[in-house]
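Here is a short briefing on one protein model. Keep the sequence and the 3D view open while you read.

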Amino acid sequence: MKALIVSDEPVKRAALGQAMESIGWSSMEAAGPTRAMEVARSDPPTVVVSDVFMPGVDGGAYCRSWKLDGTLAEIPFLF
């Protein structure tokens, strides 16, 4: 199982990555939505765990764009 962790804050990404790994999951990181979608398309995760409050990002629009993408739509998305 693999989690993609999305946050503009490196400390949050690292902490969530460690938490996921402590329960036996692997993790990947992205600093923002555009990079997250690129990473997920090339190496699909089991789940996305994303910060909803990132500079210049509307969390709702970001989630909708994720769910409208045919490649990513079935991947569970958590804020």
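A residue counts as exposed when its relative accessible area is over 50%, and as buried when that area is under 20%. The model is predicted.

**Overall fold**
- The protein has three helices and four strands.
- Along the sequence, the elements follow the pattern β-α-β-α-β-α-β.
- A compact globule of 79 residues would have a radius of gyration near 12 Å, and the protein agrees, with 12 Å.
- Along the principal axes, the C-alpha atoms fill a box of roughly 30 × 25 × 20 Å.
- Buried residues make up 42% of the 79.
- Take the contacts with a separation of 6 or more: 62% of them join residues 24 or more positions apart.
- The accessible surface is about 4,400 Å², and carbon and sulfur atoms account for 59% of it.

**Nonpolar cores**
- In soluble globular proteins, nonpolar side chains tend to be buried together.
- The largest nonpolar core here has 16 residues. Leu 4, Val 6, Ala 36, Val 48, Tyr 62 and Trp 66 touch the most other members.
- Strands S1 (2-6) and S2 (26-30) each supply at least two residues of this core, as do helices H2 (33-42) and H3 (59-68).
- H2 gives the most, with four residues.
- A second, separate core has five residues, among them Ile 5, Met 20, Trp 25 and Val 47.
- Which residues does Ala 36 touch, leaving out those up to four places away in sequence? They are Leu 4, Val 6, Ala 30, Tyr 62 and Trp 66.

**Helix H2**
- Pro 33, Ala 36, Met 37, Val 39 and Ala 40 are buried in H2.
- Seen down the helix axis, these buried residues fall within an arc of 165°, so they line one face of H2.
- An α-helix has 3.6 residues a turn, so residues three or four places apart point the same way.
- The buried residues of H2 pack against S1, S2 and H3.

**Helix H3**
- Which residues of H3 are buried? They are Gly 59, Tyr 62, Cys 63 and Trp 66.
- These four cover an arc of only 95° around the axis, which puts them on the same side of H3.
- Arg 64 and Leu 68 are exposed on the other side of H3.
- The buried residues of H3 pack against S1, H2, strand S3 (47-50) and strand S4 (77-78).
- Asp 58 caps the N-terminal end of H3. One of its side-chain oxygens lies 2.9 Å from the backbone nitrogen of Gly 60.

**The loop at Gly 24**
- Gly 24 is in the loop between helix H1 (10-22) and S2.
- Is Gly 24 buried or exposed? Its relative accessibility is 63%, so Gly 24 counts as exposed.
- Gly 24 and Met 1 are 23 residues apart in sequence. In space, their C-alpha atoms are 7.9 Å apart.

Note on methods. Residues are numbered from 1 along each chain as its sequence is written. This is a predicted model: local features need pLDDT of at least 70, side-chain atom pairs count only at pLDDT 80 or more; totals for chains, interfaces and linings use all residues. Side-chain values use heavy atoms; hydrogens and water are left out. A nonpolar core is a set of buried Ala, Val, Leu, Ile, Met, Phe, Trp, Tyr and Cys residues joined through side-chain atoms within 4.5 Å. Buried means under 20% relative accessible area, exposed over 50%, partly exposed in between (1.4 Å probe, protein chains only). Contact means heavy atoms within 4.5 Å. The arc is that of the directions from the helix axis to the C-beta atoms. A polar contact is a pair of N or O atoms within 3.5 Å; within protein, one must be able to donate a hydrogen and the other to accept it, and residues adjacent in sequence count only if both atoms are side-chain atoms. The radius of gyration is taken over C-alpha atoms; the globule rule is 2.2 Å times the number of residues to the power 0.38. Accessible areas come from the Shrake-Rupley method with a 1.4 Å probe; for residues, only the protein chains shown count as cover.
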